[in-house]
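Let's take a look at a protein chain together. Have the sequence and the 3D view open while you read.

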Amino acid sequence: MFSLPDTAPWWAVLAVVVLGILVFGVRSFVRAVWPQTSAHRKELLQEWQRQREQERTRQREQEQEQARQRSEIADQE
């Protein structure tokens, strides 16, 4: 069958086996979760882009509000 040479470093063999299992597991998980049709992938990507844009808009509004408050405080002094 299959036998390793006596000089094979056990940690390297273990690392390759663990890496192989992880890659196969991640690939299987992604295939199970990720939409298989391009239309569904497109919808998922567009939704992600909308969420990012909303977060950026919210962050800009907060920064503008903070700048306005700092300006008002500076004017009062």
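Predicted model: local features only at pLDDT ≥ 70, side-chain atom pairs only at ≥ 80, totals over all residues.

The chain has two helices and zero strands. How does its radius of gyration compare with that of a compact globule of 77 residues? Such a globule would come out near 11 Å, but this chain has 26 Å. The overall numbers for the chain are here:

| Property of the chain | Value |
|---|---|
| Radius of gyration | 26 Å |
| Span of the C-alpha trace along the principal axes | about 85 × 40 × 10 Å |
| Accessible surface | about 7500 Å² |
| Distance between the centres of positive and negative side chains | 13 Å |

And what share of the 77 residues counts as buried? It's 0%. Carbon and sulfur atoms account for 60% of the accessible surface. As for charges, the chain carries 11 positive and 11 negative side chains.

Now zoom in on helix α1, which covers residues 10–33.

Finally, pick out Ser 28, which sits in α1. Is Ser 28 buried or partly exposed? Its relative accessibility is 29%, so Ser 28 counts as partly exposed; buried would mean under 20%. Ser 38 is ten residues away from Ser 28 in sequence, and their C-alpha atoms are 18 Å apart in space.

Notes: Residues numbered from 1 in each chain as written. Heavy atoms only, no water. Helix = DSSP H or I, 4+ residues; strand = E, 2+ residues; numbered from the N terminus. Buried < 20%, exposed > 50% of the residue type's maximum accessible area, 1.4 Å probe, protein only. Rg over C-alpha atoms; globule rule 2.2 N^0.38 Å. Areas by Shrake-Rupley, 256 points an atom, 1.4 Å probe, with all protein chains shown as cover. Lys, Arg positive; Asp, Glu negative; His and termini not counted. Charge placed at Lys NZ, Arg CZ, Asp CG, Glu CD.
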